[in-house]
Amino acid sequence: MTVLLVTHDGGVYLDRTLEALAAQTRTPDRLVVVDIGSRQRVTELPAVGFPVQHLAGPPSSTFGEAITLAVRSLAPASSDDQWLWLLSADNAPEAGALAAMLAAVEISPSVAVAGPKLMQWADPQYLYSYGETLTPLGTSVELAEPLLDQAQYDRESDVTAVSSAGMLVRHRLWEQLGGFDRGLPAMDDALDFCIRARLAGHRVSLVPDARVLSAGRRAPGTAVIGPRTSRAKRERLTRTAQLHRRLVYAPALALPLHWLSLLPLAVLRALGQLLRKQPGSVVGEFAAAFAVAFGHPGRVVASRRRLAQTRKLSWSALAQLRLPWAEIRRRRSLAREETSSARRAGRHEIRFVASGGAAVVLVAGVVGLLVHLPLFGAPAVAAPALLPLNDIGTLWSQVGFGWRALGAGFAGAADPFVWVLALLGSLTFWSPSASIVVLYLLALPLAALAGWFAAARLTASPWLRVVAAVGWTLAPSFLFALDQGRLGAIVAHLLLPWLFFALTTARRSWEASAAAGLLGAAVLASAPSLWPALLALWLIVTISLAAAGRRGRGWHRLVPLPLPAAVLFLPLALQHLVQGTPLGVLADPGILLSQAGTAGEGLAAPPLGQTLAFLAGLPEATAAAWSASAVGSGLSPAAGLALAIVLAAPLLVLALAAPFLRGAPKAVAALVVAALGFATAVLAARLPVASVGADAVGPWPGPGLSLLWLGLLAAVVFGLSAGELALARVLRGALGAVVAVGVVAAAAPLLVSAALGGSHAVPGAERTVPALVAAQAASDPTLGTLVLSGEHGNGLTAGIERGTGAKLDDQSTLFNAAPADVALGDSLAVLAGNLASRGGYNPVPALEAQRIGFVLLTPATRESRAVHDRVTAALDGNPLFAPVTRTAHGTLWRYTGLDAGLPTAAPAGPDNLGTPFGLGVLGVQLLVLILTLLLALPTAGLAESVRPEREARRGSGVRGTRAVAPAGSLAASSRPSTGAHAAVATPGGARHGE
């Protein structure tokens with residue numbers, strides 16, 4: 001009986017294994033040590049009491065190659081009573097292991113391969129591996145689950161295969177079968193060998209009384225697979241072995257079909273890996289398919305020839321030994337239950353109804369309906385910063401890269417917000433603008449729902465969850481965004497809590513990580529000004545977790561979070577850079593609010609007043625609007641701002657005090673979020689990214705204030721949940737009530753004013769031009785209306801609206817950020833300037849070139865009255881234009897040349913599918929979004945269908961029993977091991993490299 005021991009930098013494992021061999025009750029006849037180490041070569045061996053031969057093999061050798069090297073050093077087998085015992089450096093056997101195995105094969109002459117129980121090195125009371133088999137589809141499977149060994153598997157005898165670690169095999173059979181398959185360097189080598197042995201007419205058996213240790217994945221292994229081998233590489237090796245076996249075992253007629261199916265199956269399995277939340281395995285699927293298909297085709301041919309030469313039985317001889325589907329389903333169910341329990345560990349119970357979440361959402365829904373009741377049944381919402389949407393086909397044609405019908409028209413990348421609009425409009429695809437009406441009616445309950453669930457991740461207190469939900473629903477920036485129609489800020493406010501809800505578990509789950517990536521992309525698309533703050537948060541969290549070692553496990557799942565947003569913004573950012581407006585990428589999507597008469601509101605406020613307004617959650621210049629809405633309407637802007645600060649003071653004070661309460665360290669992180677939100681608001685108020693007339697326009701500070709509000713509410717929740725607020729529950733509830741009352745009092749004037757008809761968001765139509773223009777455009781959608789708007793300081797803005805008017809999805813930050821002469825084009829800028837004053841300019845060529853049939857002058861404001869009157873006089877005195885009507889949209893003139901007809905419209909530029917570049921941009925964006933969505937889908941059942949880990953699962957044995965190490969055990973450690981997973985399909989047993 002010869003022991004073949006393979007060591008690869010074995011270290012302490014080798015020493016202990018040699019000691020265990022020397023202690024065997026049945027002394028081996030010979031020991032051959034094959035050293036394939038690359039760093040620590042064995043120079044001398046301790047005395048073991050029997051002959052020892054030392055061989056040195058190439059460091060790149062696999063376990064099978066090392067064993068083959070050892071066998072070649074032996075004399076050929078002369079009888080069936082000569083045995084080989086295969087061991088790795090970490091396979092220390094119990095004292096009676098060899099005797100038990102030899103006794104078992106002695107009484108069963110038909111057994112040619114035998115295997116021991118492999119026990120976990122860290123805790124020998126727990127099984128590591130005990131027999132292998134196949135599923136009905138050919139996947140390698142562990143027979144035994146990693147449980148406490150209580151002889152529950154001792155009745156197993158005949159099996160499909162045993163592990164290479166501790167395998168006892170007849171020397172003659174090894175020579176007949178040619179050893180391990182060279183096409184299986186790391187995985188399934190022992191499984192394949194045992195299958196060939198069975199097909200050759202021999203039996204493979206287990207010996208329950210023989211116990212051998214295995215260090216599992218911490219084992220020295222080989223150069224191919226060892227302790228530093230990543231999970232992705234292990235899965236690639238496993239898949240490669242499975243495909244190789246498939247080609248070797250397939251009937252000759254089916255072999256071409258199997259070969260042709262390798263790559264298509266790789267695509268399908270890659271999608272399945274995304275659904276299983278295992279993106280790291282996607283590359284391995286393709287690598288395995290290419291390696292088997294094109295890497296070493298000669299190995300498949302050689303393996304098939306070797307199998308055919310030794311095979312005596314049909315494949316039906318293995319049918320009864322395969323793992324039945326019922327057992328596979330049982331193990332999958334158990335794995336799902338364990339994973340579900342692990343994911344719930346450390347989280348607070350939701351209890352949505354019992355904890356008051358349903359009540360808060362219901363109350364918010366009632367308030368939302370009362371405030372926005374006039375919108376019920378309206379086809380669209382009209383507000384200063386809001387426009388209707390195009391039909392669903394046109395809406396989706398705007399995403400990606402295509403023609404933008406703004407000014408003179410240009411080809412450009414769409415704002416990423418168009419993706420949000422397209423998805424939103426698809427909810428009411430028959431009338432996309434109606435989706436905005438629905439959003440307004442549900443805005444408050446949706447905000448309450450988001451705020452409550454985000455708070456549920458932070459605290460178990462029902463009252464604090466309610467306080468957080470109320471605070472988030474009535475955030476001043478959110479209410480002002482609703483009033484002014486800032487749809488991007490509304491969407492960002494609704495999604496921010498869900499983003500942080502997903503981020504709390506993103507490093508533990510690919511599903512949550514992908515969901516956070518999609519939510520982050522939607523938030524940034526809706527409010528690009530949040531890019532610096534969210535990017536800084538991502539860098540801080542990812543770097544800190546990566547530097548935290550084991551405490552930061554899972555940080556790699558945070559790395560791809562910005563990818564969906566980056567893919568959506570990259571074409572736009574590059575075009576802004578080429579255009580010379582790099583900061584334009586941070587501009588708010590949609591129309592500039594200054595076009596509605598509030599130009600530059602955020603760029604000229606006193607710093608102190610602005611800071612105080614921001615601290616109260618008010619988007620700077622809107623403090624005056626809050627004062628005007630306050631009860632009595634007699635407050636001056638300064639007094640109104642002071643009152644707003646007083647009402648917000650409880651929230652601010654408690655948030656700032658939270659880090660000083662014992663047990664609330666997370667409040668510091670919440671205040672960092674708040675500080676970044678505040679910095680974003682301040683930066684937005686001072687950063688001009690576009691210009692309208694003489695006014696510089698920056699991003700609206702509202703999204704930054706939403707982030708500030710989120711951080712403050714989180715800090716308050718952490719602080720009031722802290723253990724030291726051993727301040728009794730009553731005091732905790734009272735402080736929460738003070739915060740809630742302050743927020744409600746601050747929001748009351750805005751809500752009451754809106755309910756009484758003071759809101760700027762009113763029922764609208766799906767057109768933004770007078771009815772006469774819309775009727776004319778019904779037969780000629782390319783007909784243009786020149787829209788002129790007076791600005792303060794003698795300025796004038798101009799634009800062309802075609803068909804039924806401007807649409808929200810038509811807008812582009814490329815157009816808004818560009819200088820007026822570039823955005824409009826020379827001819828249009830000259831046309832607008834000359835029509836606004838009397839002179840000898842002939843506008844006919846420009847009017848007909850642009851197919852302009854009407855001129856619309858928007859209503860005057862107090863600041864633009866002089867410009868408005870001058871333009872009105874100039875157009876009234878121009879014989880080419882006939883006054884038509886004065887409506888809420890403004891004063892309308894008709895071009896008299898329209899009666900004779902305008903020139904035929906030039907073909908419109910290509911849409912997002914009309915050019916190769918547009919197709920490429922859209923394809924890449926769709927690919928990234930779809931793959932991320934697949935990864936984000938909640939498919940926990942699929943995720944746990946395959947568990948390659950085989951660590952001890954604590955608590956899975958018989959409850960209430962105390963494990964006792966068998967007599968003679970090399971180690972009887974009672975130290976609990978980590979990990980808890982049952983295996984359904986594993987990488988082919990306890991490998992020599994694990």
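**A walk through the model**

Guide: Let us begin with helix H28, which spans residues 771-779 and in which Val-773, Ala-774 and Ala-777 are buried. Those residues cover an arc of only 100° around the axis, and this puts them on the same side of H28. Please keep in mind that this is a predicted model.

Visitor: Which residues are exposed on the other side of H28?

Guide: On that other side, Ala-775, Ala-778 and Ser-779 are exposed.

Visitor: And what covers the buried residues of H28?

Guide: The cover includes three strands, namely E17 (784-791), E19 (852-857) and E21 (890-895).

Visitor: Why would residues a few places apart point the same way in a helix?

Guide: An α-helix has 3.6 residues a turn, so residues three or four places apart point the same way.

Visitor: Stepping back, how many helices and strands are in the protein?

Guide: The protein has 35 helices and 21 strands. Of its 994 residues, 56% are buried, and its accessible surface comes to about 40200 Å², with 64% of that belonging to carbon and sulfur atoms.

Visitor: What share of the contacts is between residues 24 or more positions apart?

Guide: If we take the contacts with a separation of 6 or more, residues 24 or more positions apart account for 77% of them.

Visitor: Now two helices together: at what angle do H19 and H21 pack?

Guide: Helix H19 (residues 510-526) and helix H21 (residues 563-579) pack at an angle of about 35°, and their axes are 7 Å apart. From H19, the residues Gly-517, Ala-521, Leu-524 and Ala-525 meet Pro-564, Ala-565, Leu-568 and Phe-569 of H21.

Visitor: How many of those are nonpolar, polar or charged?

Guide: The contact of H19 with H21 has seven nonpolar residues, one polar residue and no charged residues.

Visitor: Some single residues next. Where is Thr-542, and is it buried or exposed?

Guide: Thr-542 sits in helix H20, which covers residues 531-547, and with 8% relative accessibility it counts as buried. A polar atom of the Thr-542 side chain lies 2.7 Å from the backbone oxygen of Trp-538. If neighbours within four places in sequence are left aside, Thr-542 is in contact with Trp-555, Leu-558 and Val-559.

Visitor: What about Arg-404? Where does it lie?

Guide: Arg-404 lies in strand E12, residues 401-404, and Arg-404 is buried, with a relative accessible area of 3%. The side chain of Arg-404 reaches the backbone oxygen of Gly-400 at 3.3 Å. Not counting residues up to four places away in sequence, Arg-404 touches Gln-398, Gly-409, Phe-410, Gly-412, Ala-413 and Ala-414.

Visitor: How far apart are Arg-404 and Ser-812 in space?

Guide: From C-alpha to C-alpha they are 7.8 Å apart, although 408 residues separate Arg-404 from Ser-812 in sequence.

Visitor: Which residues have a positive phi although not a glycine?

Guide: Asp-188 is one of them, with a phi of about 65°, and Arg-851 is another, with a phi of about 55°. Asp-188 lies in the loop between helix H4 (171-177) and helix H5 (189-199), while Arg-851 has its place in the loop between helix H32 (844-849) and E19.

Visitor: Are those two buried or exposed?

Guide: Asp-188 counts as buried at 0% relative accessibility, and Arg-851 counts as buried at 11%.

Visitor: One last stop: where is Ala-860?

Guide: Ala-860 lies in the loop between E19 and helix H33 (865-876). With a relative accessible area of 24%, Ala-860 is partly exposed, because the cut-off for counting as buried is under 20%. Apart from neighbours within four places in sequence, Ala-860 is in contact with Arg-865 and His-868. The C-alpha atoms of Ala-860 and Glu-791 are separated by 8.7 Å, with the two residues 69 residues apart along the chain.

Terms used
Residues are numbered from 1 along each chain as its sequence is written. This is a predicted model: local features need pLDDT of at least 70, side-chain atom pairs count only at pLDDT 80 or more; totals for chains, interfaces and linings use all residues. Side-chain values use heavy atoms; hydrogens and water are left out. Buried means under 20% relative accessible area, exposed over 50%, partly exposed in between (1.4 Å probe, protein chains only). Helices (H or I, at least four residues) and strands (E, at least two) are DSSP runs, numbered from the N terminus. The arc is that of the directions from the helix axis to the C-beta atoms. Contact means heavy atoms within 4.5 Å. Axes are lines fitted to C-alpha atoms, for helices over the stretch in contact, and angles run from 0 to 180 degrees between N-to-C directions. Ala, Val, Leu, Ile, Met, Phe, Trp, Tyr, Cys and Pro count as nonpolar, Asp, Glu, Lys and Arg as charged, and the others, Gly among them, as polar. Accessible areas come from the Shrake-Rupley method with a 1.4 Å probe; for residues, only the protein chains shown count as cover. A polar contact is a pair of N or O atoms within 3.5 Å; within protein, one must be able to donate a hydrogen and the other to accept it, and residues adjacent in sequence count only if both atoms are side-chain atoms.
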